[in-house]
Amino acid sequence: MSDEPIEFDGADDGEDGGEDGGHQPSVPTSTPVVSAGGRLASVLSAQLIGISGLAVVVEVHASDGVPSFTIVGQPDGACREARDRVRAALLMSGFAWPQRRLTVNLAPATMRKVGAGLDLAIAVAVLVADGQLPPDRVRGRAFVGELGLDGTVRRIPGIVSLVDDLLHDDPNVELVVPASTVREALLLGRGNLRSASSLGGLIGCLQGIDPWPEPPDVSDDRAADVSSGDLAEVRGQPLARLGLEVAAAGGHHLLLAGPPGSGKSMLASRLVSVLPDLSHEESVEVLRVHSAAGLAVHGVRLPTRPPFRSPHHTASAVALLGGGSTAIRPGEISCAHRGVLFLDELGEFTPFVLDALRQPLEDGSIRISRAALSVTLPALPLVVAATNPCPCGWWGVPTGEVAGSPSCRCSDASRARYVRRLAGPLLDRFDIRVLVTPPDPDDLLSNAPGEASSVVAARVFAARTLARQRGVVVNAALRGNDLRRWVPITTAARKLVEARLRSGALTARGLDRVRRVARTLADLRGDAIESVLDADVIALALELRRPVLPDAANGAAA
Amino acid sequence: MMASCHDSAPHADHQRHEALVEAFVSSSGLGASRLRSVQRHSELSLGETLECLSIGDASPFPSPRRRGEGWGQLAARFHDVCRSGVGEAGCRWWLAGDPGWSAVFGADDDPPAALAYAGSLDALLRPRVAIVGTRSASAAGLAFARELGAAVSTAGVAVVSGLARGIDGAAHRGALGSDGEGPAVGVLGTGLGVAYPSEHRDLQASVAASGLVLTEYEPQRGPRPEAFPLRNRIVAQVAQVVVVVESGASGGSLLTVHEATMRGRPILAVPNNPLLRSAAGSNGLLRPLEGAPPVAMPCHDPADVLAVLDVQTIVHASDDDPRMEPDRRSRSVLDALGWDARTTSWLAAAVAMPLGEMARVLASLEDEGWIVHRSGRWHRRPR
């Protein structure tokens with residue numbers, strides 16, 4: 001049947017030509033054109049760059065000549081291989097492979113096409129161009145998905161962004177997504193979604209032979225919140241608990257130092273439990289990033305709890321910051337957006353990688369530029385880092401503080417090297433630094449639980465409410481005039497600060513950071529929104545900022 | 001003024017002297033044979049040749065010869081090597097047979113052949129006590145070493161130590177900080193132009209300026225592990241009494257003690273808490289060994305050291321403390337801290353004080369100079 005000429009509605013051609021040029025690139029036309037020069041079909045699809053879905057029009061031109069199949073429009077390796085996947089999938093789904101000269105153009109031709117997400121659209125367009133599928137069946141529809149050789153439609157990353165951005169461009173378009181991603185695609189709860197599990201099934205539905213599969217019943221699905229533990233399980237450690245609470249309430253980055261087994265990781269993983277729930281907008285931001293990064297998105301509820309990401313210290317700069325030569329994949333710093341980025345064993349990370357974290361943490365976003373394109377990804381995590389004070393971890397622990405603790409066996413040189421790696425400008429970004437020591441046996445054995453996360457979370461929520469009334473999300477974002485307005489200090493507190501500024505123990509930037517932390521401390525204590533900061537909170541903020549690592553030189557000098 | 005060391009020195013010393021010359025000339029880029037040629041032409045001893053070259057004086061040498069480079073330029077180059085990193089005074093040489101040598105090394109079986117020095121050899125005319133100990137000492141150990149250094153210096157005694165981290169540095173600082181006449185004498189395991197550890201560069205310069213810095217090595221030689229036991233031998237040779245303030249079970253200070261006992265020098269050790277790991281070695285010196293008397297006598301007080309040296313205590317350290325007496329709450333924190341290293345959390349639990357108040361008390365104690373914060377823990381400061 002493939003050689004039979006098909007009918008087409010000439011009006012479509014005119015509609016196509018008269019399309020308004022406002023959209024970039026030109027959106028959904030699914031119009032085959034037959035002329036002496038062959039047949040043309042175009043089908044709408046989309047690809048993911050960073051966390052944005054960009055519309056791609058798949059055009060297929062079929063003409064007489066030596067049978068061939070060419071893909072143009074800057075396909076990358078995976079995309080070029082679509083040729084073989086599409087051919088096998090069509091044949092295995094019972095369709096004929098057109099014995100014609102086929103040219104596939106992926107428009108806009110200036111944009112690099114990445115990945116296998118255009119497979120489904122190419123297959124559909126080939127069928128239309130070959131006349132095996134009437135063009136009106138694909139009009140007003142867009143297709144995304146990867147094809148298996150047997151014709152199954154496979155999941156692709158970033159379905160949330162693809163759906164959201166395509167619908168933003170044209171709310172009336174009907175989207176066909178892989179069946180395995182339909183729950184994820186429904187998360188934002190809008191649009192006209194269809195699912196396809198195989199190419200054969202999809203064509204059946206398009207031709208009206210089979211009914212479209214029912215959308216999954218999502219009414220009783222719950223977002224699976226992974227429990228992060230409760231602060232009640234943490235014994236003792238008053239200063240570390242306070243540091244954690246202040247970090248959560250004020251958005252101040254936190255550094256935990258201490259010997260192995262002192263509970264640094266335990267504390268860090270509980271930071272999420274005292275953070276407030278995500279707002280709707282925040283959830284959408286988080287969801288888009290996670291979907292684009294290919295992370296499992298559970299259930300059909302938006303994530304309500306802030307994410308917790310803990311990359312291993314061997315992570316490369318691209319893994320941490322995002323990137324890649326073709327598709328820009330979000331890095332861990334973006335996956336932890338609006339949540340917690342936990343850098344365990346900070347001293348083991350590559351210094352270059354740590355240095356690269358600095359700018360995004362300051363900006364709240366990261367701009368990744370490559371030769372062909374540049375992408376801005378959100379990156380507003382609360383950073384918690386943990387480190388040993390030296391390679392073995394036992395430096396500076398006095399005899400008797402921890403029963404049976406070994407003494408430090410590191411050489412001066414190796415210790416200095418370890419600390420020097422840490423002592424970059426990133427260290428200055430940690431407003432709160434706490435030395436964590438292994439808990440006292442009395443605390444460990446006592447039955448009295450520590451304060452529960454829910455109690456702390458309530459204080460954190462109240463403090464964040466005050467910050468919002470000041471016009472910022474968290475106190476860590478107070479800058480310039482706002483800082484001066486909201487953080488007045490008493491004379492006694494001023495004396496404390498002045499002594500340290502004069503001795504050089506505190507820099508001007510350090511002072512600003514101390515004031516922000518002190519503001520958060522006062523908020524947590526229940527002070528009024530415009531209260532003057534007294535010596536207690538200033539002293540405590542200074543206390544939380546004291547260096548906890550050995551000096552690069554050593555620090556054991558008399 | 002200098003006598004040649006070649007005629008009288010034993011064979012072993014001759015070899016060591018040769019080694020010194022080799023190291024010295026290799027660091028200056030001048031070959032040993034060339035140095036000997038200089039010496040032959042000038043009719044000076046090797047020691048005198050070194051001395052002249054290291055102060056940049058080319059006058060004793062014959063007029064320029066050799067492709068393009070005269071003796072004057074060579075001397076200038078030597079001079080640079082000796083001066084680089086050493087300071088204005090430059091490095092000078094003290095060789096076997098020089099004035100004052102036999103008073104210090106005369107009776108010794110294994111003296112060094114030559115020493116490079118900066119400062120004044122007059123420092124060695126005083127009674128000399130070595131104050132040694134571990135590089136990672138407790139806060140109390142550091143405080144006592146400093147106090148001891150200051151007290152014996154006040155009594156006019158020279159404080160000999162190794163300019164290392166921890167006890168050594170504290171003893172030197174004590175001697176420098178007192179108004180006493182007793183100078184500080186530092187013995188290095190590196191060349192004079194190198195500071196090891198590097199944060200002691202200023203301390204080393206101060207010791208050289210007011211006292212004496214000695215070393216067996218050429219000016220630019222860096223730290224090497226084998227050099228420090230040899231350095232400790234020189235400490236034991238130079239000092240008349242050795243005090244171990246705090247030493248671990250296998251510290252280098254025990255090597256100093258070993259060298260000193262072989263030479264019959266009196267040893268003192270500061271008794272310390274048996275649980276303190278960094279004091280296991282010094283405590284061990286005070287224990288009788290299988291019926292034999294202990295190696296060391298206890299040192300509770302600077303007066304114990306002066307008594308052994310038979311030096312009269314000239315002035316007692318002043319009992320006035322310039323620091324403001326802390327109030328009752330602050331005093332309770334200071335007492336809880338003692339001479340240990342404690343975290344803020346620990347102190348808050350120990351005196352049952354809210355964290356806010358504790359932070360304020362600690363900050364004011366810090367401002368008054370009572371305590372110091374290092375790497376997450378508080379330490380009490382000596383006076």
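Leaving aside neighbours within four places in sequence, Met353(B) is in contact with Ala348(B) and Met358(B), contact being defined as C-beta atoms, placed from the backbone, within 7 Å of each other. The model is a predicted one, in which local features need pLDDT of at least 70 and side-chain atom pairs count only at pLDDT 80 or more, whereas totals for chains, interfaces and linings use all residues. Residues are numbered from 1 along each chain as its sequence is written, and chains are lettered from A and ligands numbered from 1 in the order in which they are written.

Met353(B) lies in the loop between α14 and α15 of chain B; helices (H or I, at least four residues) and strands (E, at least two) are DSSP runs numbered from the N terminus. Met353(B) has 19 other C-beta atoms within 10 Å and is therefore partly exposed. On this scale a residue is buried if 20 or more other C-beta atoms, placed from the backbone, lie within 10 Å of its own, exposed if 12 or fewer do, and partly exposed in between. Arg329(B) is 24 residues from Met353(B) in sequence, and the two C-alpha atoms are 9.3 Å apart in space.

In total, 33 residues of chain B are in contact with 33 residues of chain A. On the chain B side, two or more residues each come from α6 (139-154), α7 (167-177), α14 (344-350), α15 (355-367) and β10 (371-374). The largest share, eight residues, is that of α15(B). By class, this side has 11 nonpolar, 10 polar and 12 charged residues, where Ala, Val, Leu, Ile, Met, Phe, Trp, Tyr, Cys and Pro count as nonpolar, Asp, Glu, Lys and Arg as charged, and the others, Gly among them, as polar.

Helices α6(B) and α7(B) also pack against each other. Their axes come within 7 Å and cross at roughly 40°; axes are lines fitted to C-alpha atoms, for helices over the stretch in contact, and angles run from 0 to 180 degrees between N-to-C directions. The crossing is right-handed, that is, the near helix is turned clockwise from the far one by less than a right angle. Residues in the contact include Gly141(B), Ala145(B) and Gly149(B) of α6(B) and Ala170(B), Ala171(B) and Gly174(B) of α7(B). The contact has eight nonpolar, six polar and three charged residues.

Chain B as a whole contains 15 helices and 11 strands. Of its 383 residues, 52% are buried. Among contacts in chain B with a separation of 6 or more, 72% are between residues 24 or more positions apart. Nine strands form an open sheet of mixed pairing, in the order β1-β2-β6-β5-β4-β3-β7-β8-β9 (chain B), two strands being paired if DSSP finds at least two bridges between them. Helix α10 (residues 252-262) of chain B lies across β3 (128-133), β7 and β8 of chain B and runs at about 160° to β7(B).

Two loops of chain B have backbone features of note. Leu163(B), in the loop between β4 (158-161) and α7 of chain B, has a positive phi of about 55° although it is not a glycine. Leu163(B) counts as buried because it has 25 C-beta neighbours inside 10 Å. The peptide bond from Tyr196(B) to Pro197(B) is cis, with omega near -5°, and Pro197(B) lies in the loop between β5 (184-188) and α8 (201-210) of chain B.

In chain A, five strands form an open sheet with parallel pairing, in the order β12-β15-β18-β11-β19. Strands β12 (308-309) and β19 (432-435) of chain A are at the edges. Four bridges join β11 (residues 254-257) to β18 (residues 382-387) of chain A, and Leu256(A) has Ala386(A) as its bridge partner in β18(A).

A cis peptide bond, with omega about 0°, joins Ala107(A) and Pro108(A). Pro108(A) is in the loop between β5 (101-107) and α4 (119-129) of chain A. Gln74(A), in the loop between β4 (68-72) and α2 (77-80) of chain A, has a positive phi near 55°.

Notes: Two residues are in contact if their C-beta atoms, placed from the backbone, lie within 7 Å.
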